[in-house]
Amino acid sequence: MFSESERTRVGDALDALVPGAAAMGAVDYVERLLTALDHDPPRIWAGPDEGKPWLALGPWERQAWASRIDQLRAVYRRVIDGAPEPGDEQILHTHACEACYGDPAYGGNRDGAGWGRIAFPDPLFPPARS
Amino acid sequence: MSEADCDVVIVGSGPGGGTVAEVLTAAGKSVIVLEKGRNHLLSLDPPYEPLRHFSNDEIAQTRRHLLGPDPLLEPRTYRRSPADGKRLLVGEVNNLPSTVGGGGVHADAKLPRFREEDFRLRSERGPVEGASVEDWPVQYDDLEPHYAAVEQAFGVAGEDGPAGNPFAAGRRAPFPMPPGPDMPMAVVSSAAAERVGLHPYRAPTGANSVTYDSRPACVDCGFCGGYGCPIHAKGDPIASLQRALRSGRCDLRPEALVTEIVLDGGGRRATGVRYLDLRGYPDPPVVELRAAEAVVVAGGAFETPRLLLRCGLGGDLVGRFLTYHFQTFTIGVFPEPTGGERGRSVTHLHDDFMIDSPAMREAAREAGLPWLRGGVVEHGAGPGPIGEAMNYPTGEGHLRSMTDSALRRRLWVFTMQGEDLPQEGNRVDLDPDVRDAWGLPAGRVTYAPHRHELAASEYASPIHEAVMTEAGAELAFSATLPEPVSRHVMGTARMGADPRTSVVSPEQRLWDVDNVLVCDSSVFVTSAGYNPTLTLAALARRAATLLSS
């Protein structure tokens, strides 16, 4: 959803908070989150295996996530425009941490690099990583 | 009542509701279990096998509300006292999962029994100024057979006899299973605790140490506390729900938000409930169910009073005497990794600060209190890597902090589940303005700890810091949580023998509508200092047994 220049700006902002985040796929993580509802099932909750790679949301959960994603899109628009508001940095910090140290199923932690650099063992029961 | 849909409607599918469903269906009753959350636990078609939605996924389960509730749909509010105004915050307040299985899904399944003294605290220890310390109308001996039964139902692994907890209440049968493998660092911290004069023991845990009840043994994946179990080695509450469903007399309906308990014309008897079928969007249909015998409310100590208050049931004390466990964390930072990534989050406990002693009497006297009680202390591992990362500063220091990992990889923690004394002003009520997604008033917490909790925390902390140092920590410090984020929520529909001072009878029936029962931790008279699930389930089993007879 981001242009190349926008990806660079977002990556720089994430890297400033968690160095190396962009190289580990943090921009991909953010893009997947912001476009999660474009898929069916939405790419909010990774499923348990390749046969069920994403879990379905209920209609009310979908409403909540649509609202949340709208707000997040506005945050990233402000970041790209160079006009962040108070609180935006905390959201980017959260996303950078999730992208670096969450499961690779969500687009970040590329090849487990985030876990590798902190010696975190690969889970015994990871979600589907399609 | 030939037109009834079932004998009993059960509101909530957690350890309380699941236990009631199992007992009643075994006794031949028909039940409908209504759960407002979604179902990630088990198929609703025979043979009711696990859905296996859970994996080792910190994002889905701790960041993205897989287990619910989503605070955008179900906000809660909090303030310390009315002096704060209507509220201090809107969002997540003591959120237990809102999903089929309720709070049993996310817990790391520490399932200790309460001790005899915990049910007669007023008699044993005496009153405390500013608190409402009372005896329970049910005593340990009344509950013992029910404790044993729910230990069997959930599958509790533990150790009794000389190697077990020296302070444990008496039990007439052994644990269903031996304890599982020790976490290596818990062996170290337990040995250090013994050298300091404490009495650690292997935690009674509802995670299989062997194949049990057709469920596999835990393999110590390390994603236990806060997570649904990928292989259902945790038995609470899937085992009870499966047995209820397999009886053919249980209908489990997720996404069913009960809005009202329906009464007969006289207003003294419940005839059923109305609920919103949340599968409908944006206008969920209202469904009415008629129950021939009773309505059991088991929504947990936050949602149960919220429902009763909306319905005007239970009297003026509904929501009052809210208690948590006042959690004190003593953190040890060790020179080497503690190995907390694997294991069942917590494998060892000690109870010493629940036990009366000259030293605690002296500490109480210095604090101007008649006595002190702390709580069970869990020897446990640190957070997952995302949770850790959020604690560190941003920028250049981040990677150094993460690789140094003082707050995860080299961390070990004692968590004291401190007894929280009941106070009438601590309560759940209905927020005057904030509404959930369906227009219902949000629940509001008003809570501030009693000085007893603070004094007990201050007493235990230096002792635990000494244990950490004895275990080899290079740094030890203690902290408490400033806001009520504890998931142990109790006491908002208090049981008692006197309708003037309680909400439910010793049989857990509302005094004003006696075919409405409360079967969750709302009924606790005092919070004790032990994880509440086994006790609420034992109480639920007792109440359901009385109801079915």
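Q: Where is S405(B) found, and what is the value of its phi?
A: In this predicted model, S405(B) sits in the loop between α11 (397–404) and β13 (411–419) of chain B, and its phi is near 55 degrees, a positive value in a residue other than glycine.

Q: Is S405(B) buried or exposed?
A: A residue is called buried if 20 or more other C-beta atoms lie within 10 Å of its own. S405(B) has 20 C-beta neighbours inside 10 Å and therefore counts as buried.

Q: Where is the place of A528(B), and why does A528(B) count as buried?
A: A528(B) belongs to the loop between β17 (516–518) and α13 (533–548) of chain B, where its phi is near 50 degrees, again a positive value in a residue other than glycine. A528(B) counts as buried because it has 28 C-beta neighbours inside 10 Å.

Q: Which order do the strands of the open sheet in chain B have?
A: Strands of a sheet pair through backbone hydrogen bonds, either parallel or antiparallel. Here the open sheet has four strands in the order β4-β3-β15-β14 (chain B), with mixed pairing; its edge strands, β4 (89–91) and β14 (427–435) of chain B, each pair on one side only, and the twist from one strand to the next averages 30 degrees.

Q: How many bridges join β3 to β15 of chain B, and which residue is the bridge partner of Y78(B)?
A: Strands β3 (residues 76–79) and β15 (residues 441–446) of chain B run parallel and are joined by three bridges, with V445(B) in β15(B) as the bridge partner of Y78(B).

Q: Which helix lies across β14 and β15 of chain B?
A: That helix is α8 (residues 300–311) of chain B, which runs at about 65 degrees to β14(B).

Methods. Residues numbered from 1 in each chain as written. Chains lettered and ligands numbered in written order. Predicted model: local features only at pLDDT ≥ 70, side-chain atom pairs only at ≥ 80, totals over all residues. Pairing = 2+ DSSP bridges. Helix = DSSP H or I, 4+ residues; strand = E, 2+ residues; numbered from the N terminus. Axes fitted to C-alpha atoms, helices over the stretch in contact; angles between N-to-C directions. Contact = placed C-beta atoms within 7 Å. Buried ≥ 20, exposed ≤ 12 C-beta atoms within 10 Å, placed from the backbone.
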